[in-house]
Amino acid sequence: MATCGDQTVPNDPLFGANHLTAVRWGLAGLVALGHIFLLTDGYEPIRLHQWTGGYMAVNGFFILSGLLIAKSLSTRRNLGTYLRSRLLRIYPALIAMALAFILVFAPFFSEPGGIERIWSAETWRYASRVLAMGDPEHAPGGIFAGNLEADFNGPLWTIRFEMLAYLAAAFGFFTGLMGGFKRVIAAYLIVQISYLVLPHVVDFATLSAGALSLLRLSSPFLMGMVLWHWPAARRPHSLIVASLAALFVLFGAGPVGELLANLALIALLLRLGLPNRPNTMVSAIPDYSYGIYIWHYPVMQGVLFLQPSISPVVLAIISIPGFILLSALSWHLIEKPALSLKKRRRPKAVLVFDSEGAQ
């Protein structure tokens, strides 16, 4: 039995063995699968209505992140530990990615290429911009020249919004602005309604390029935070999952399509990720999901640079082993050792559970 504040949740899988890591693998794989088609044909066919699999997978990542971040804040209640954990989760692998860009991709996958590209100010400005959470969707001229998409690693654009969500969640928690179920759900409703209404009354083209994306991704993140304060909702009945999926199929093309998609998605993720009887082998899967997310795109782009005009099937056959291998190396050599550092000098816990769960 796990106790959080005034909530008592018997046998809550969020505090023990669960399948959330495997779910994150699935979400990262869905993003990669979409890019296999996008980078070869320019169109992602994995979609229902106008919502692509990759688009919804990103929303899924933010749902799970909101749930696990709320759990971390509520159980640890230490700002220093929280911030250190978040930095260690994001930056070590991202730094490795930036170094790979400087030392490998810029000199050997550009036209004109050459070792001198390593010392180019343009190369270092791009790497610094990525690490500073700036725009990663463009790269120094010549990178992956001739490819359908000429950016180095477009998917990194979501990471800066993830970091903003981490900071906003911590601010809301430690100031009390988002303390308790009522305040969290109020924040969610404000953001969700704003996302539904504002695009019809405000010209977002006149605002910062990330304004609409901020609203879009804040909504599923806050959905996840609501779930932390509403444990009963973390165990949706299969009929609820099926009903939400049916509503999305029937009405997902309308103005509330993304909301319906998120509700169906969140029910499915919870059903798959928090089973009452987790499989031991599935629960023990190493967490390659972040590595898959940040490595799949440049690997695919590199393959297309060397072998232009190949089909999606050939691209998948060549690139999947490559980015899975890099993801494994990233986890075992960089991410996992870095995450072990957050356990040092841990302050006395406010609450003690048998396991920290998946995050």
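Where does W331 lie? W331 sits in helix α12 (residues 312–340). Helices here are DSSP runs of H or I with at least four residues, strands are runs of E with at least two, and both are numbered from the N terminus.

1. Basis of the note. This is a predicted model, in which local features need pLDDT of at least 70, side-chain atom pairs count only at pLDDT 80 or more, and totals for chains, interfaces and linings use all residues. Residues are numbered from 1 along each chain as its sequence is written, and side-chain values use heavy atoms, with hydrogens and water left out.

2. W331. This residue is buried, with a relative accessible area of 11%. Buried means under 20% relative accessible area, exposed means over 50%, and partly exposed lies in between, using a 1.4 Å probe and protein chains only. Not counting residues up to four places away in sequence, W331 touches R89, P286, D287, Y288, K336, P337 and L339; contact means heavy atoms within 4.5 Å. The C-alpha atoms of W331 and A93 are 8.3 Å apart, although 238 residues separate them along the chain.

3. I294. Helix α11 (residues 289–306) holds I294, which is buried at a relative accessible area of 0%. Neighbours within four places in sequence aside, its contacts are A93, M97, N153, L156 and I159. Between I294 and L339, 45 residues apart along the chain, the C-alpha separation is 17 Å.

4. Helix α5. The 19 residues of α5 (residues 157–175) reach 28 Å from first C-alpha to last, close to the 27 Å expected at 1.5 Å a residue. The expected span is 1.5 Å times one less than the number of residues. Buried residues of α5 include W157, I159, F161, E162 and F173. The buried residues of α5 pack against α2, α3, α7 (211–229) and α11. Just after α5, G176 has a positive phi of about 85°.

5. Helix α2. With 24 residues, α2 reaches 34 Å between its first and last C-alpha atoms, close to the expected 34 Å. It is mostly covered, 23 of its 24 residues being buried. R77 follows α2 and has a positive phi near 55°.

6. α2 against α3. The axes of α2 (residues 53–76) and α3 (residues 79–108) come within 10 Å and cross at roughly 150°. These axes are lines fitted to C-alpha atoms, for helices over the stretch in contact, with angles from 0 to 180 degrees between N-to-C directions. I69, S72, L73 and R76 of α2 make the contact with T81, Y82, S85 and R86 of α3. By class, three of these residues are nonpolar, three polar and two charged. Ala, Val, Leu, Ile, Met, Phe, Trp, Tyr, Cys and Pro count as nonpolar, Asp, Glu, Lys and Arg as charged, and the others, Gly among them, as polar.

7. Helix α8. The 14 residues of α8 (residues 238–251) should span 20 Å at 1.5 Å a residue, and the end C-alpha atoms are 20 Å apart, which agrees. V241, L244 and F248 of α8 are buried. Seen down the axis of α8, the buried residues fall within an arc of 70°, so they line one face of the helix; the arc is that of the directions from the helix axis to the C-beta atoms. An α-helix has 3.6 residues a turn, so residues three or four places apart point the same way. On the other side of α8, L239, L250 and F251 are exposed. The cover over the buried residues of α8 includes β3 (47–48), β4 (51–52) and α9 (257–273).
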